[in-house]
Amino acid sequence: MKRAIAALPVLIVLVFGAFFLWGLNPDRDPNAIPSVLISQPAPEFDLPAVEGVGVPGLSRDNLFGNSDPVVVNVFASWCVPCRAEHAVLTRMVERDGVRLFGINYKDKPEDARGWLEKLGNPYERIGSDLNGRAGIEWGISGVPETFIVAGDGTVLYRYVGPVVGAEAEEKFATALAQARTRNGANS
Amino acid sequence: MFPEIGQFALALALGTALVQSVLPMLGASRGNVLWMRCARSSSIAQLVFIGIAFAALMQAFVVSDFTVANVVENSHSLKPMLYKIAGTWGSHEGSLLLWVLILAAFGAGVALFGSNIPDALKARTLSVQAWISTGFLSFLLLTSNPFERVFPPPLDGNDLNPLLQDVGLAMHPPLLYFGYVGFSIVFSFAVAALIEGRIDAAWARWVRPWTLAAWMSLTAGIALGSWWAYYELGWGGWWFWDPVENVSFMPWLLGTALLHSAIVTEKRDAFKSWTILLAILTFSLSLLGTFIVRSGLLTSVHAFAVDPERGLYILGLLGISIGGSLTLYAWRAPAMEGGGLFAPVSREAGLLINNLLLATATGTVLFGTLYPLFMEALTGDKVSVGPPFFNATFIPMMLPLVVVMGIGPFLSWKRADLKGVFQRLRFIALLAGLAALATWYVARGGPALAYLSVAITVWLLFATLREWAVRIRLFDVPLAETIRRARNLPRAAHGMTLAHAGLAVAMFGFIGSSAWKSEEIVFVQPGSVIEIAGFDVRFDGVERVRGPNYIADRGTLAVSREGEFVTTLYPERRSYPVAQSTTTESAIRSTLAGDLYASLAEPASETAADTGAWTLRILYEPLVNLIWIGSTMLILGGGMSLSDRRLRVGVPRRASRSGPVATPAE
């Protein structure tokens, strides 16, 4: 018995060592956050419009059968970075003609309305995700997050955090351009 | 030429370590005194050689010798001198060189100052130390040579990561390493004792000063690192349960357990195999820390240069040292005789609870840190374990520990009178309850756990002070008599009081800044006013300023309270063109009551320059400075204990045995 207890530490260490050996695999990148949605069809969701904003709600069906890739942006009026991102999104819509859909995440309709009235509304459709259910379906880790969805409803790209600053915008623009060429090739 | 000298010196150190690995060990088993004593000179020689190598690398950094690859990658001619010097250990190679330098320093320390240790034990200990040294020196020379040259040399360097250009950080790795590596000598002592097959009270006394020294450095290193994250990184917090933080915290927890269990081994000849196991595991966790940090095994906010091949080499070293020592333990430990018996209520039992809780807490932190790896290996899922897990598991284990900490010093060895102790501590329990109520009256709100923690912390602080007062019979006898008693009290006893009180002080800081912290993240334009914790903070705009190797956007914030001007804060965002990165310099108004902390985040949009709109983060962290004050007290307490007469070298033991930490309170 005493022997068995004394041997316990070394056994535990061996198990740990096996895991470490596995973890050292050079192909493994512990920092990569996988998104289950990439190259998958958009998840099931159906959201009503935000009252009084004047654009319709958003559901999965709206993401299918588009001629161009669309951008789905998860935002909230309580989220400070979203405010910074708003200007970038507006510019994308106005200058580059991007089709932008919004998911208003866990936000009171009156707050969202005030926010959009003050800053302007670049969104073609906005779904009100009051209880965060659609957020779970999309697997978001926070707000804001922005997805690029191909015309056939396939999720192509996910950007976590605000698309603000030259580097982030560059990255996003590249992904969008790639999505457009892919769409062209498919149709 | 100097880099070549450095490399040559490293090779010589490796040769010396190889000799030291074999000869003294053989000498000890054959009783050859000459072979045993060669460990002394070889330990010192190792230190000298590695010291030369370190100096050579430092010289290359100081003169910005861009023919050395390491200097090119981590320095820049425009960098301030202090950071050029700190650049020596800012890289992977340099920090490993520092690692082996400290390893050699502890070996040489035992060789020079361990005159009271028997020859055989000393020879074996130094041999084991040389095994570790051989492993890491060969790692350095074979996979990460710090002296590699580049040709043709570039005109200038790539700059040290600007985040690392801070005085706190220049000191953080050396101290942390001193702690990490300091436990190596304790490990060597433990392995030597296992080989020898004999552990007694004397062994525990020889090991104690080295354990204390390592523990103090580790405490300082962790405190400094957390201070750095708080002040420099603009994270607005002092602990994040990040894997790299956890790996430095685990050896600290277990090292703390070791300090306490070694007391039992020293005084009562008990807990022997447990103390040995703790000594091995503490250093194993230090090695694990080096491995995790250097291999990129886990996701961490600490970005280090990562190379799987190096990771494999360290894993091999880890396997040999940890696996080997624990196999030895499994083989030898069962034969060790258990020492003095004790009743369920006694100081031994108190320290046993301390050890069990600390070891369980270490296990929990280890499990939480490695859980994402286990999950990924077994199921392929990527998960992250964050503060909620650690707060929910770690805190409930620490609170009972702190309660026992208040009682423990009152207990006598072998059998204690718990009823008597409670009678003594009645008023303090009452005081603790009142303190929680008073906190509720002032703060209103905050989690219930915070009030419980306040009560427990007050309990610890006053129980500790009470115990000290009882010993020197404060107010019981004339003041002169009290002073005489205080002077006669062993320094280890004063040290314990100071360290335990320090923990209580630091705990006030932990509680205040986690339970009653206020935070605002807002969008501001010149003229905006933010209200937080009774302060009015007015944003006056941002201007561009130029530093030696950076350009900064500096915000101006006028802080007032109830209409009266308090101070002006200047948070900055610095961008370093050479290293191509940006850092946040928070501005802090620091008082004992709390810190008002402002940091400037991204411009609100790309048009910020025109409209002057910025994102601003403002925090109020009550009592946060008590964390650093308490940590300082912990370190000083350790130092005082270290200077205790019984641990000093060459001081004859006094005839009248005034039992140190051990003496029960009357």
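Q: Which residue just after helix 1 of chain B takes a positive phi?
A: G31(B), with a phi of about 75°. The helix itself is a DSSP run (H or I, at least four residues; strands are E, at least two), numbered from the N terminus. This is a predicted model, in which local features need pLDDT of at least 70 and side-chain atom pairs count only at pLDDT 80 or more, while totals for chains, interfaces and linings use all residues. Residues are numbered from 1 along each chain as its sequence is written, and chains are lettered from A and ligands numbered from 1 in the order in which they are written.

Q: What span does helix 1 of chain B reach, and what is expected?
A: Helix 1 covers residues 2-30, which is 29 residues, and reaches 42 Å from its first C-alpha to its last. The expected span is 1.5 Å times one less than the number of residues. For this helix that is 42 Å, and the computed span is close to it.

Q: What is the hand of the crossing of helix 1 and helix 2 of chain B, and which kinds of residue form the contact?
A: The crossing is left-handed, meaning that the near helix is turned anticlockwise from the far one by less than a right angle (clockwise would be right-handed). The contact residues divide into 25 nonpolar, eight polar and no charged. Here Ala, Val, Leu, Ile, Met, Phe, Trp, Tyr, Cys and Pro count as nonpolar, Asp, Glu, Lys and Arg as charged, and the others, Gly among them, as polar.

Q: What makes helix 15 of chain B roughly antiparallel to helix 17 of chain B?
A: The axes of helix 15 (residues 448-472) and helix 17 (residues 491-515) of chain B come within 9 Å and cross at roughly 165°. That angle makes helix 15 roughly antiparallel to helix 17. Helix 15 passes helix 17 in a left-handed crossing.

Q: Why do strand 5 and strand 7 of chain A count as edges?
A: Five strands of chain A form an open sheet in the order 5-4-3-6-7, with mixed pairing. Strand 5 (125-129) and strand 7 (155-160) each have a single partner strand, so one side of each is left without a neighbour in the sheet. The twist averages 20° from one strand to the next.

Q: How do you know that strand 6 and strand 7 of chain A pair?
A: Two strands pair if DSSP finds at least two bridges between them. Strand 6 (residues 145-149) and strand 7 of chain A have five, in the antiparallel sense. T146(A) stands opposite Y159(A) in strand 7.

Q: How many bridges join strand 2 and strand 3 of chain B?
A: Strand 2 (residues 529-532) and strand 3 (residues 535-546) of chain B pair in the antiparallel sense over four bridges. I530(B) has V537(B) as its bridge partner in strand 3. Their hairpin has two residues between the strands, and A533(B) takes a positive phi near 45° there.

How values were computed:
Axes fitted to C-alpha atoms, helices over the stretch in contact; angles between N-to-C directions. Parallel < 35°, antiparallel > 145°, perpendicular 65-115°, else oblique.
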